[in-house]
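Here are my notes on the chain you asked about. Have a look at the picture, then read the points alongside it.

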Amino acid sequence: MLAAFFLVFALAFGYFYTPRKNSEVVTPIPNIFGASSEVAKSPENLWFPQQPYSGKGESELGVGALSALLVNFDDGKVVYSKAAKEKLPAASTIKIMTALVALENARLSDSFQVSEKASKIGEKSMGLTFGERLSLKELLYGLILVSGNDAAVTIAEGVAGSEDAFVQLMNNKALYLGLSDTKFINASGLDEDGKAQFTTAYDMATIAHYLWEHYPEFRTISAT
């Protein structure tokens, strides 16, 4: 699973780096499926990886992950696929959807207060303390660069009022994108007793593709 995590992130985050004089990272929108500068009215046929073509065999690449998908973002063709539609726990790759929903429903300058729940969520953390306030931009850096679970909960509560309400937005977005093999139960990707949270390499590649196209600020954050 860890290998699949890095595969998706290497695909989605490391593709375009063009520095300016002010040292900002510029990641131009690639020409994907013929749609680049304009946001499509519907995601149909724009964000889904195309069918795989004959390429390297599984044994040649030596991918040990249970599931993997490698997509050429320029033309949408699948370079490599291994059980890409198998439902599996997704861990912190779920934070890709957390970032997407946050960017669609709030401004980078919006300020959110850290709740007691967020400060005590545990495991991966950006070190937030109860009561402090941070902007969405700051929280997104903590969410993506250190996989902060505290950042995920703070974002969810700040954007939607509660994590449960935010998770509903996440699941609604998955349905909008036509993804039937994904179910979110929280904004962090942490396991919860008695609750199933899953996705597929195919669905996560689609979500990452959509986010990459629509939000250049995310490309800047993830390239840091």
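The points below go from the whole chain down to single residues.

1. Ground rules. This is a predicted model, in which local features need pLDDT of at least 70 and side-chain atom pairs count only at pLDDT 80 or more, while totals for chains, interfaces and linings use all residues. Residues are numbered from 1 along each chain as its sequence is written, and side-chain values use heavy atoms, with hydrogens and water left out.

2. The overall build. You'll find 9 helices and 6 strands in the chain. Both come from DSSP runs numbered from the N terminus: helices are H or I with at least four residues, strands are E with at least two. Of the 224 residues, 49% are buried. Buried means under 20% relative accessible area, exposed means over 50%, and partly exposed is in between (1.4 Å probe, protein chains only).

3. Surface and contacts. The accessible surface of the chain is about 11000 Å², and carbon and sulfur atoms own 52% of that. Those areas come from the Shrake-Rupley method with a 1.4 Å probe; for residues, only the protein chains shown count as cover. Now take contacts, meaning heavy atoms within 4.5 Å. If you look at contacts between residues at least 6 apart in sequence, 62% join residues at least 24 apart.

4. A nonpolar core is a set of buried Ala, Val, Leu, Ile, Met, Phe, Trp, Tyr and Cys residues joined through side-chain atoms within 4.5 Å. The largest one here has 42 residues, and Ile155, Met170 and Ile207 have the most contacts inside it. Two or more residues each come from H3, H5, H6, helix H7 (163–176), helix H8 (201–214) and helix H9 (216–222). Which element gives the most to this core? That's H3, with 7 residues. Apart from this core there is another, of 9 residues, including Leu69 and Ala84.

5. Helix H3. Why is H3 described as largely enclosed by the rest of the structure? Because 9 of its 11 residues are buried.

6. Leaving aside neighbours within four places in sequence, methionine 170 is in contact with Ile94, Met97, Thr98, Val101, Phe184, Asn186 and Ala187. Lysine 173 is found in helix H7, and it counts as buried because its relative accessibility is 11%. Not counting residues up to four places away in sequence, lysine 173 touches Met97, Leu100, Val101, Glu104 and Tyr210.

7. Then comes serine 147, in the loop between helix H5 (136–145) and helix H6 (149–160). Serine 147 has a positive phi of about 55° although it is not a glycine. Is serine 147 buried or partly exposed? At 15% relative accessibility, serine 147 counts as buried.

8. Alanine 91. Here's another positive phi in a residue other than glycine: near 50° for alanine 91. Alanine 91 sits in the loop between strand E4 (78–82) and helix H3 (95–105). Its relative accessibility is 41%, so alanine 91 counts as partly exposed.

9. The largest pocket. On a 1 Å grid over the protein atoms alone, a pocket is an open set of points where a 1.4 Å probe fits, with protein on both sides within 12 Å along at least five of seven lines, and lining residues have an atom within 4 Å of a point. The largest pocket holds about 200 Å³ of space; grid points are joined across faces, edges and corners, and the volume is the space filled by probe spheres set on them. It is lined by 14 residues, and Ala91, Ser92, Glu123, Gly189 and Leu190 lie nearest its centre. By class, the lining has 5 nonpolar, 5 polar and 4 charged residues. Ala, Val, Leu, Ile, Met, Phe, Trp, Tyr, Cys and Pro count as nonpolar, Asp, Glu, Lys and Arg as charged, and the others, Gly among them, as polar.

10. Glycine 158 is in helix H6, and at 33% relative accessibility glycine 158 counts as partly exposed. The C-alpha atoms of glycine 158 and alanine 102 are separated by 9.2 Å, with the two residues 56 apart along the chain.
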